[in-house]
Amino acid sequence: MDSDIPIPDQTKLEKRFAFIEDETQRTNTVIIFRYIIFLINLAGHHKLPGPMLYSLYKDIIIQTAIVTESCTHYALKHLIDLDKIKSEDVMEPEWKEEKCVILEEFDDGNRQVCGVVRHRTTERLTRNTQLIALNRACLRTGIFTDKVFGEAEKLRESRNKIHLAGLSNVDELYEQKDVDDHFERARIVIERIEKVLNDFKKI
């Protein structure tokens with residue numbers, strides 16, 4: 001990881017993400033990408049105490065995962081909107097409850113036996129769709145190969161460590177190598193997405 005990277009101009013960097021045709025999403029993605037470069041420079045130009053440096057590396061890793069998530073969501077939504085893939089073919093099925101009838105109540109007043117009518121539907125792709133659902137959908141439709149899916153999942157798992165309450169140990173052991181590994185994973189995922197979107201344009 002080069003610690004002395006000039007922060008590219010927003011407009012010039014947007015050309016790297018030209019495969020994201022949605023202008024707002026492309027702009028927001030590039031803003032995060034430029035912030036990552038700023039963090040790299042910050043880590044390289046300041047002698048920080050261990051925990052601060054670990055936290056900086058962690059922030060770089062999380063922001064990198066956010067960039068790949070943005071690209072992943074865009075690819076899936078774009079191809080669904082173009083009818084290149086069908087939402088019901090790739091999104092997770094889910095059951096929605098229509099009616100619940102109480103058949104029996106227990107004497108303790110805390111339990112019931114119920115009859116439920118429910119129907120099967122397909123989860124809709126929204127801005128709030130979980131990253132694990134996005135990755136699985138991309139695997140089902142061929143946007144991701146097995147290898148790319150594995151790399152995307154590693155990025156997702158690292159991003160999820162932002163939730164401190166779910167950690168069972170002190171989350172402070174990040175090194176430059178971890179950042180470099182995550183950059184490589186992000187490169188694999190983003191280049192795959194770019195290739196798939198460009199290939200669909202030719203169809």
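A salt bridge here is a side-chain nitrogen of Lys or Arg within 4 Å of a carboxyl oxygen of Asp or Glu, and a search of the whole structure with that rule finds 13 of them. Keep that rule at hand, as several stops on this tour rely on it.

**Before you start**

You are looking at a predicted model, in which local features need pLDDT of at least 70 and side-chain atom pairs count only at pLDDT 80 or more, while totals for chains, interfaces and linings use all residues. Residues are numbered from 1 along each chain as its sequence is written, and side-chain values use heavy atoms, with hydrogens and water left out.

**Stop 1: the whole chain**

Switch to a cartoon view. The protein chain has 7 helices and 2 strands; helices (H or I, at least four residues) and strands (E, at least two) are DSSP runs, numbered from the N terminus. Follow the cartoon along the sequence and you pass through α-α-α-α-β-β-α-α-α.

Next, colour by accessibility, with buried meaning under 20% relative accessible area, exposed over 50%, and partly exposed in between (1.4 Å probe, protein chains only). Of the 203 residues in the protein chain, 35% are buried.

**Stop 2**

Select Glu14 and Arg26. Their side chains meet in a salt bridge, 3.5 Å from N to O. This pair links distant parts of the chain: Glu14 belongs to helix H1 (residues 10–14) and Arg26 to helix H2 (residues 23–45), 12 residues apart. Glu14 and Arg26 are both buried.

Now move to Asp199 and Lys195, whose closest N and O atoms are 2.7 Å apart in a salt bridge. Both residues sit in helix H7 (residues 176–201), 4 residues apart, or about one turn of the helix. Asp199 is partly exposed at 30% relative accessible area, and Lys195 is also partly exposed, at 46%.

Asp108 and Arg111 give you another salt bridge, at 3.2 Å from N to O. Asp108 has a relative accessible area of 41%, so it counts as partly exposed; Arg111 is partly exposed too, at 46%.

To finish this stop, select Lys147, Glu151 and Arg185 together; these residues are linked in a network of salt bridges.

**Stop 3: the largest pocket**

Rolling a probe the size of a water molecule over the atoms shows where empty space is left. The search uses a 1 Å grid over the protein atoms alone: a cavity is a set of points where a 1.4 Å probe fits but cannot get out, a pocket is an open set with protein on both sides within 12 Å along at least five of seven lines, and lining residues have an atom within 4 Å of a point. Grid points are joined across faces, edges and corners, and a volume is the space filled by probe spheres set on the points.

Select Asp22, Gln25, Ser70, His73 and Arg127, which lie nearest the centre of the largest pocket among its 20 lining residues. The elements giving two or more residues to this lining are H2 and H3, and H3 supplies the largest share, 9 residues. The volume of the largest pocket is about 500 Å³. What classes of residue make up its lining? There are 6 nonpolar, 9 polar and 5 charged residues, where Ala, Val, Leu, Ile, Met, Phe, Trp, Tyr, Cys and Pro count as nonpolar, Asp, Glu, Lys and Arg as charged, and the others, Gly among them, as polar.

**Stop 4: the cavity**

The count is 1 cavity of 30 Å³ or more, and the largest cavity holds about 40 Å³ of space. To see its lining, select Thr68, Glu69, Thr72, Leu131, Asn135, Ala152, Leu155, Arg156 and Val189. Helices H3 (50–81), H5 (131–141) and H6 (146–159) each supply at least two of the lining residues. By class, the lining has 4 nonpolar, 3 polar and 2 charged residues.

**Stop 5**

Is Thr72 buried or exposed? At 2% relative accessibility, Thr72 counts as buried. A polar atom of its side chain lies 2.8 Å from the backbone oxygen of Thr68. Leaving out residues up to four places away in sequence, Thr72 touches Leu134, Asn135, Cys138, Phe144, Val189 and Ile193.

Finally, select His78, also found in helix H3. His78 is buried, at 17% relative accessibility. Beyond its neighbours within four places in sequence, His78 is in contact with Glu21 and Leu197.

How values were computed: Contact means heavy atoms within 4.5 Å. A polar contact is a pair of N or O atoms within 3.5 Å; within protein, one must be able to donate a hydrogen and the other to accept it, and residues adjacent in sequence count only if both atoms are side-chain atoms.
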